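Trainee: Hi! Could you walk me through this protein?

Mentor: Happy to, let's have a look together.

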Amino acid sequence: MAAGDKAAGAFRTIGEVSRDTGLPQHILRYWETRFPQLRPLQRAGNRRYYRPEDVALVRRIDSLLNAQGYRIEGVQKLLAAERRGASEPAVPVSAHGATIDGASLRAIRDLLARALAAA
């Protein structure tokens with residue numbers, strides 16, 4: 001194990017999480033205000049220590065927001081439903097708040113595939 005490597009279960013500083021995820025530290029601090037599930041330990045001087053489950057949550061929030069196109073409100077609802085133990089899967093929601101069914105998603109996917117093939 002190299003000097004900078006940590007064990008899988010070790011706590012990470014906000015700087016380490018920022019480097020590992022590619023997310024700026026101010027975004028991580030902002031997400032702490034928006035997602036009550038994201039609560040790293042804070043020690044003297046407000047130094048943050050992220051547990052492995054905090055890092056996993058950061059990666060999940062990043063994926064939902066930046067890869068899957070969710071808005072913050074959608075991620076908040078999804079995480080809150082999971083916290084309550086909702087067994088039903090999350091329903092995709094458009095940017096305007098309307099639900100999107102599977103057939104509509106397939107139609108959009110096919111339209112995009114045709115547009116890419118024509119380009």
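Trainee: Is Trp31 buried or exposed?

Mentor: Trp31 is buried, with a relative accessible area of 4%. Buried means under 20% relative accessible area, exposed means over 50%, and partly exposed is in between (1.4 Å probe, protein chains only). Before we go on, this is a predicted model, where local features need pLDDT of at least 70 and side-chain atom pairs count only at pLDDT 80 or more, while totals for chains, interfaces and linings use all residues. Residues are numbered from 1 along each chain as its sequence is written, and side-chain values use heavy atoms, leaving out hydrogens and water.

Trainee: Got it. How are the rings of Trp31 and Phe35 arranged?

Mentor: Their centres are 6.5 Å apart and their planes stand at 85 degrees, so the pair is edge-to-face. The rule is that rings of Phe, Tyr and Trp (its six-membered ring) pair if their centres lie within 6.5 Å; planes under 30 degrees apart count as stacked, over 60 as edge-to-face and the rest as tilted. By that rule there is one aromatic pair. Phe35 is buried too, at 0% relative accessibility.

Trainee: Which residues touch the most other members of the largest nonpolar core?

Mentor: Leu28, Trp31, Phe35, Tyr50, Val58 and Ile61 do, out of 18 residues in that core. Helices α1 (14–21), α2 (25–34), α3 (52–67) and α4 (72–84) each supply at least two residues, and α3 gives the most, with six. A nonpolar core here is a set of buried Ala, Val, Leu, Ile, Met, Phe, Trp, Tyr and Cys residues joined through side-chain atoms within 4.5 Å.

Trainee: How many helices and strands are there?

Mentor: The protein has five helices and three strands. They are DSSP runs numbered from the N terminus: helices are H or I with at least four residues, strands E with at least two.

Trainee: What order do the strands take in the sheet?

Mentor: The order is β1-β3-β2, in an open sheet with antiparallel pairing. β1 (12–13) and β2 (41–42) are at the edges with a single partner strand each, so one side of each has no neighbour in the sheet. Two strands pair if DSSP finds at least two bridges between them, and two bridges join β1 to β3 (residues 48–50). Thr13, for instance, has Tyr49 in β3 as its bridge partner.

Trainee: Changing topic, how many salt bridges are there?

Mentor: Five in the whole structure. A salt bridge is a side-chain nitrogen of Lys or Arg within 4 Å of a carboxyl oxygen of Asp or Glu. One of them joins Glu32 and Arg48, whose closest N and O atoms are 2.9 Å apart. Glu32 lies in helix α2 and Arg48 in strand β3, so the pair ties together parts that are 16 residues apart in sequence.

Trainee: Are Glu32 and Arg48 buried or exposed?

Mentor: Both are buried. Elsewhere, Arg51 and Glu53 meet at 3.5 Å, N to O, and Arg51, Glu53 and Asp54 are linked in a network of salt bridges.

Trainee: One last thing, what about Asn46?

Mentor: Asn46 lies in the loop between β2 and β3. Its phi is positive, about 60 degrees, although it is not a glycine. Most residues other than glycine have a negative phi. Asn46 is also exposed, with a relative accessible area of 52%.
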